[in-house]
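Subject: Structure for your files

Dear colleague,

Here is the structure I said I would pass on. My notes on the ligand site and the salt bridges follow below.

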Amino acid sequence: STTTSPSLSGGEPEIVIVGGGIVGLVLALGLLRVGVKVKVYEQAQSFREVGAGIAFTANVIRCMNLIDPSVPVALRSSGSVATSNGGAEDPDDYLRWIDGYERHREDPRKQRLFYKLSAGPRGFEGCRRDQFLESLVKCIPSDVVELKKRLETIEDKGANQKLLLRFRDGTTAEADAVIGCDGVKSRVRRILLGEDDPASRPSYSHCVAYRTLIPMAQAIEALGEYKATNQHNHVGPNANLLHYPVANNTMINAVAFVRDPNKWSDDSQTVAVGTRDDVKAAFKGWCAPVRDLIERFPDTVSKWAIFDLWEYPVPQYNNDRLCLAGDAAHATSPHHGAGAGQGIEDALCLSTLMREVVAETREHPETKAKAITAAFRTYDAVRRTRSQWLVNSSRRVCDMHQQAEWADDTKITKAETVFEEMRDRTFKIWHFDYEAMLKETLQGYKQRRGW
Ligand code: FAD
């Protein structure tokens with residue numbers, strides 16, 4: 001019998017990426033580089049990230065470089081800066097945890113540094129998300145990306161047919177395979193798992209984040225020069241306040257994380273308008289520099305409800321022709337500041353696999369479907385445990401940052417014992433052996449292909 005639908009067999013793999021966030025765009029560059037025919041469909045009218053900051057570890061930047069050297073170039077051209085400014089005397093970047101609570105000492109501006117971890121020189125680079133996304137878009141040929149395309153369904157018409165994607169505007173597209181990079185509320189995840197699977201939707205982590213950028217001069221007034229120009233995480237009971245410099249050191253990115261015992265009223269709307277007064281109330285009883293910084297928050301400030309996949313992790317990131325990457329696969333709370341970094345590791349794993357699929361299908365076009373399936377299975381086996389560990393660990397880190405004991409002078413020594421654990425967890429992220437991951441990836445693929 002004849003069919004009008006194009007057949008899956010033959011030609012280079014055609015892959016659709018749903019979602020043009022950081023992970024979707026970085027993955028698109030990686031797939032283009034290995035010879036995949038790629039299309040990215042993004043629901044938004046234009047590429048708009050929030051004007052908040054994001055930081056990447058040196059390790060993740062090395063993964064970006066392996067995916068496509070234009071990615072770290074884009075990052076640096078978007079004004080990324082090291083998150084510490086120790087100068088020639090101390091070129092390392094650090095994570096610093098500092099006592100944020102009011103201790104009624106003689107000098108109310110004095111804060112004790114609880115702990116710091118060196119990430120090495122340029123161990124962390126912070127940038128503005130919107131500027132990074134803009135620089136990434138410029139690296140991608142314009143016909144690869146289509147905006148205003150909100151995916152609704154994916155129809156599998158049988159083994160030898162392409163997948164049919166339907167968008168809200170009534171248009172369709174076809175692909176050999178689809179990778180969902182469509183974020184925490186992923187549509188592709190719901191299609192893959194089915195609506196009834198509890199992992200198809202994220203749940204509320206009972207923590208909200210108030211995010212803002214503050215001009216450096218104002219940050220220095222509140223915090224003093226050293227604290228303003230270097231990353232600090234002020235910890236205390238039921239909240240913590242994190243900041244680091246961005247935008248060529250002209251601003252700081254400040255995020256106030258606040259515990260919320262209540263239910264979030266509307267799952268479809270996870271960003272609400274908060275006020276400076278809300279933040280002030282949450283940090284009542286904290287030390288003067290923290291309170292002074294909050295005074296410099298704008299009158300209204302976005303309040304992000306943090307949803308993640310901790311409660312119901314995704315049982316499998318793939319089926320034969322669909323897979324999930326980035327927040328779509330493993331949306332996490334942001335307390336390790338490493339969610340996007342995990343998505344970059346996913347993109348490195350997937351680009352490496354697709355390089356093998358392209359090489360194999362050049363010689364044996366009829367094996368394309370099997371090769372893609374083997375690639376997705378390998379990806380799930382290599383990436384799932386680590387990325388879901390991060391989701392767990394981020395929740396644990398939030399508990400450590402926000403222990404009630406921070407408010408109790410008699411319990412400070414006990415509270416500080418968490419930093420041993422903090423170090424181990426942080427090092428598992430920073431010192432990830434991505435070379436070993438790539439080895440495991442290639443071995444896994446070859447095994448599944450029976451080589
Ligand atoms: P997203 O950025 O959410 O992109 C998904 C895209 O898909 C969007 O553009 C969306 O419009 C599109 N889309 C959704 N549905 C559809 C559809 N049906 N059809 C078409 N398109 C669709 N990570 C770090 O590594 N370092 C940090 O310092 C850091 N700090 C953070 C601070 C906070 C406060 C938060 C909340 C997160 C932080 N993260 C950090 C995590 C990081 O923001 C995310 O992991 C990252 O943005 C995920 O990227 P993504 O591309 O997977 O998803």
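The shell around the ligand is made up of twelve nonpolar, nine polar and nine charged residues. Please keep in mind that this is a predicted model.

In total, 30 residues surround the ligand, and the closest are E42, A55, R129, D327 and G337. Taken alone the ligand exposes 1000 Å², of which the protein buries 85%.

As for secondary structure, at least two shell residues come from each of α1 (22-33), β3 (53-57) and α11 (339-363). Helix α11 gives the most, with three residues.

On salt bridges, the whole structure has 37. E421 and R425 form one, at 3.0 Å from N to O. These two residues are four apart in helix α14 (residues 418-430), so about one helical turn separates them. E421 is partly exposed at 24% relative accessibility, and R425 is partly exposed at 21%.

R423 pairs with D424, with the closest N and O atoms 3.3 Å apart. R423 is partly exposed at 26%, as is D424 at 45%.

Another salt bridge joins R201 to E195, at 2.8 Å between the closest N and O atoms. R201 has a relative accessibility of 39% and E195 one of 38%. Finally, salt bridges link E14, K37, K162, D176 and K368 in a network.

Regards

Key:
Residues are numbered from 1 along each chain as its sequence is written. This is a predicted model: local features need pLDDT of at least 70, side-chain atom pairs count only at pLDDT 80 or more; totals for chains, interfaces and linings use all residues. Side-chain values use heavy atoms; hydrogens and water are left out. A residue is near a molecule or strand if one of its heavy atoms lies within 4 Å of it. Accessible areas come from the Shrake-Rupley method with a 1.4 Å probe; for residues, only the protein chains shown count as cover. Ala, Val, Leu, Ile, Met, Phe, Trp, Tyr, Cys and Pro count as nonpolar, Asp, Glu, Lys and Arg as charged, and the others, Gly among them, as polar. A salt bridge is a side-chain nitrogen of Lys or Arg within 4 Å of a carboxyl oxygen of Asp or Glu. Buried means under 20% relative accessible area, exposed over 50%, partly exposed in between (1.4 Å probe, protein chains only).
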